[in-house]
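Hi,

Here is the structure I promised to pass on. My notes on it follow below, with the cut-offs spelled out along the way.

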Amino acid sequence: MSYEAKLMQMKKLLKKNTTEPQVVEEQTERPIPPPPPYEDRWLRAGLTKEVNEFGIVYKRIVNYDLHHQHGKYPLSGLVHTIDSWRTYREPHPLALNPSRPLVFFDTETTGLKGAGTLIFLMGFIEYTNESFTLTQYVLAGPDHEAAFLYASKLWEQPKSIVMYNGKSFDMPQVQTRWTMNREHLPPLIKHTEIDLLHGSKRIWKNEMTTFKLTAVEQEQLGFFRKDDVPGHMAPIIYQDAVKNGRAELLMKVLLHNEWDILSLVTLYTLSTNLLLKNEQAASSTAKTNIGKWYADLKSYHRSKVVFEKVIETYGEDEPRAHFHIGFILKREGDYTNAVQAFLIGAAGLAGKEKLIAYEELAKLYEHRMKEFGKALDWTKEGIMLLQRDSDFTSDYRRKKGNEFAHREMRLRKKLFPGEAQ
């Protein structure tokens, strides 16, 4: 055997002899953290205690009968809301999944963002057995966060969850905290998320200046809070309750959260009634917004029905309805009526909508009616509007200006083929 071959053999033996056996670590159960020193004070304030395999969570349960009134609306309206969505056959952001339990959900947190932000309060309202049950879970302390999240049962089965700004805030916060505790918790389930902030903006656009939940409560639900804790104070109150054990103000934060969730129930009922029942109480602006929402979702038949009812009731006093139905008529090939709709829109609207109405008229007269002179007239109107309206941004003015200029050049070639270039 050569010297090199002997060296290689010795290396192989050395590797075999120096390999250490792997030690398998025994899994040990995670001990339940002890209760916080302020537990008695929290229990005396009205909270109850729940213990699970991960620790302690405090909770509060409130029951309401069907006729409980929140603002102008009773909670019982939700029963008809559920039935309405069960018969709805098209996709919609507010549609619930009838195969999943319906729950209304809101959180309170120690901050607005960041890995160090904790959820310290989760509230749920569920409709079961002819009544409504509110369950609120309060975080006992950072050591009990896994127990707090586990108690929510968001891991148990898929639900239809109604929230307000929940897609952007509440659920991402839940997902973050779940990830931080993923070693202990079962996986978080994907739920059907229904966000009423989005729905409120779609329905009451141009009608409300702010979409804070308290503003929607007052203007749409007729609910006015009395002695409410401001939302920005909630984290401070919780930190004080954890540090000093004072739970009296913490109970007011729970009441704030309770009002939030009750408003979700009645707001969901009102929004559904406006969408699916075309309630007469809605303003022409709200009805037009609903028609536009259906059009954006490509539910053109529903959209057209809504616009037609608005036009029948308000005539030319609601030019946006004419403007938006113009696109549907154009899509259907009814170019003559589409032109009439955009003419009314052009006369009654302002800003970008007015400019788009001019543009649509120019397109229809050029490509469908073959009336190039009128197409050129509306093109010139668009160019003048771009020049005199100071609300357009420079980028938008430049972009649309180029489009109208090209259209004008093309139309002049059609109208005046011998015109000098």
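Which handedness does the crossing of H7 and H9 have? The crossing of these two helices is left-handed; a crossing is called left-handed if the near helix is turned anticlockwise from the far one by less than a right angle, and right-handed if clockwise.

Before the rest, the ground rules. This is a predicted model, in which local features need pLDDT of at least 70 and side-chain atom pairs count only at pLDDT 80 or more, while totals for chains, interfaces and linings use all residues. Residues are numbered from 1 along each chain as its sequence is written, and side-chain values use heavy atoms, with hydrogens and water left out. Helices (H or I, at least four residues) and strands (E, at least two) are DSSP runs, numbered from the N terminus.

**Helix packing**

H7 and H9 pack with their axes 11 Å apart, at an angle of about 50°. Axes here are lines fitted to C-alpha atoms, for helices over the stretch in contact, and angles run from 0 to 180 degrees between N-to-C directions. That angle makes H7 oblique to H9 (under 35 degrees counts as roughly parallel, over 145 as roughly antiparallel, 65 to 115 as roughly perpendicular and the rest as oblique). Leu213, Val216, Glu217, Gln220 and Leu221 of H7 meet Trp259, Asp260, Ser263, Thr266, Leu267 and Leu270 of H9, where contact means heavy atoms within 4.5 Å. These residues divide into six nonpolar, three polar and two charged. For the classes, Ala, Val, Leu, Ile, Met, Phe, Trp, Tyr, Cys and Pro count as nonpolar, Asp, Glu, Lys and Arg as charged, and the others, Gly among them, as polar.

Next come H12 (residues 319-332) and H13 (residues 335-348), whose axes come within 8 Å and cross at roughly 155°. H12 and H13 are therefore roughly antiparallel to each other, and their crossing is left-handed. Among the residues in contact are Phe323 and Phe327 of H12 and Ala341 and Phe342 of H13. By class, this contact has ten nonpolar, five polar and one charged.

H12 also packs against H14: the axes come within 11 Å and cross at roughly 35°, again with a left-handed crossing. Arg320, Phe323, His324, Phe327 and Lys330 of H12 touch Glu353, Ile356, Ala357, Glu360, Lys363 and Leu364 of H14. Here the count is five nonpolar, one polar and five charged residues.

H14 (residues 351-368) includes Gly351. Leaving aside neighbours within four places in sequence, Gly351 is in contact with Leu385, Asp389 and Phe392.

**The largest pocket**

The largest pocket has a volume of about 790 Å³. It is lined by 24 residues, with Asp106, Glu108, Gly231, His256 and Asp260 lying nearest its centre. On a 1 Å grid over the protein atoms alone, a pocket is an open set of points where a 1.4 Å probe fits, with protein on both sides within 12 Å along at least five of seven lines, and lining residues have an atom within 4 Å of a point. Grid points are joined across faces, edges and corners, and the volume is the space filled by probe spheres set on the points. S5 gives the most to the lining, with four residues. By class, the lining has eight nonpolar, nine polar and seven charged residues.

Best wishes
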